[in-house]
Amino acid sequence: MKPEQGLTDYREVNFDGLVGPTHNYAGLALGNVASMRHGGLEANPREGALQGLAKMKALMDAGYPQGVLPPQQRPDLGALRTLGFSGSDEQVLARAAGEAPQLLRAVCSAASMWTANAATVTPSRDAPDGRVHFTPANLQSSFHRYLEPATTGRVLAAIFRDPARFAHHPVLPATPAFSDEGAANHTRLAGEHGEAGVHLYVYGRTAFGWENEKSPAPRRFPARQTLEASQAVARQHGLSAAQTVFAQQHPEAIDAGVFHNDVIAVGNGPVLLYHEMAFLDEEGTLEALRERMSTPLIPLRIPREAVSLEDAVGSYLFNSQLLSNADGSMTLVVPGECRENEGVWRTLQDHLLAGANPIGEVVVKDVKQSMRNGGGPACLRLRVVLAAEERAALSGRVLLDDGLHAELVGWVKRHYRDRLTPEDLADPALARETLTALDELSQLLGIGSVYPFQLEGA
């Protein structure tokens, strides 16, 4: 297929994941310091979903295109049955709660809210066939997220349905060698969204070859992304060596709780905002980007003296959204925890806003329910650069407007609990409530049948 000519008005659409009805603090994510620290505490799913929707609405009101992605079906009773639990739904839940509570917590995880992990996306501007390319992440490094890719693929295929404009690739083999965490380890850099881009893939380890033995490795927490997975996704999307840079994440950062690159770096347009400990070979990474970019790279380096690794992880300074404005400036959307940390807030004011760079505004958003599980503003969204014609070709009702926002707020208030502990996950009523809510949501969004319970017997 030849690239379509004459596409216009490329814009980045942030597709945020709705926080699901089973949002809870189970402490499932090894290497995610916030998730581990808050494991077992009481969560508020309703507040979490409303906080996410408030962020989406604020960005929409500010002129940024905003999309919505639905949560996954949870609890995943099919997964429990695969693992040997049998009987009615009530019996399966009761047995899992009694015999393997950690499995029950895993199949109830609402981690799909962090759609930065949902997939890796290549815009049509960069793809040789002129289509937007999607590869769902296999998320094989953790069981509770390994359950997501099948539904993710169906959701993306339902929204980006036109085969002339959108290409969907299979999930990589779910093995340690091809461990793929999606766009949380991928950044596209370009002068503007409609210009040819360079794709920065960040990996934590290599699976094959001599490099695996010689490269430094984290000692405390596992490296989730492999070089081989990043290379495979780039091949699927038809990207050339001139369009890609593969950089190793610093193992010391991983051991500090930087489980994904988007916890230590964020890029937008020609700007790369990063901590000095983001990359194992900092200078080599910057030089490779400079060689490939047609627009000069604007690196914004935050030194350890200004923000320690501990403060970077605790505040999620780098897990922020960096957004382009019509006047050429940029806005950085940070979580409230950045303002609560004196050193981080001072760095934002003195190092970024006072510096010679495009960032002209810092906006603070409260996403505390997500933050307690280790996900900031950047975790909550999948970035998809789309031309006007591609935005018009989207299926369903997934681009946020005032009407959709009001309906989603009403949907959350009707169906979500305001209190949920890990012990509540065995409640059969919660499972029934969730199915009712998701069935209504899929109709509200107009995406058809995407959930397992909707497809059974179809």
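Helices (H or I, at least four residues) and strands (E, at least two) are DSSP runs numbered from the N terminus. This is a predicted model, in which local features need pLDDT of at least 70, side-chain atom pairs count only at pLDDT 80 or more, and totals for chains, interfaces and linings use all residues. Residues are numbered from 1 along each chain as its sequence is written, and side-chain values use heavy atoms, without hydrogens and water.

The order β12-β13-β14 describes an open sheet of three strands with mixed pairing, where pairing requires at least two DSSP bridges between two strands. Its edge strands are β12 (321–324) and β14 (359–365). Strand β13 (residues 330–335) runs parallel to β14, joined by six bridges; methionine 330 has isoleucine 359 of β14 as its bridge partner. Helix α2 (residues 45–61) packs on this sheet, touching β12, β13 and β14, with contact meaning heavy atoms within 4.5 Å.

## The sheet β2-β1-β15

A further open sheet of three strands, also of mixed pairing, has the order β2-β1-β15. Because β2 (66–69) and β15 (381–386) each have a single partner strand, one side of each is left without a neighbour in the sheet. Four bridges pair β1 (residues 11–17) with β2 in the parallel sense. Helix α2 lies across β1 and β2, at about 155° to β2.

## Confidence

Mean pLDDT, the predictor's confidence in each residue from 0 to 100, is 92 for the chain. Over residues 29–34 pLDDT stays under 50.

Definitions and conventions:
Axes fitted to C-alpha atoms, helices over the stretch in contact; angles between N-to-C directions.
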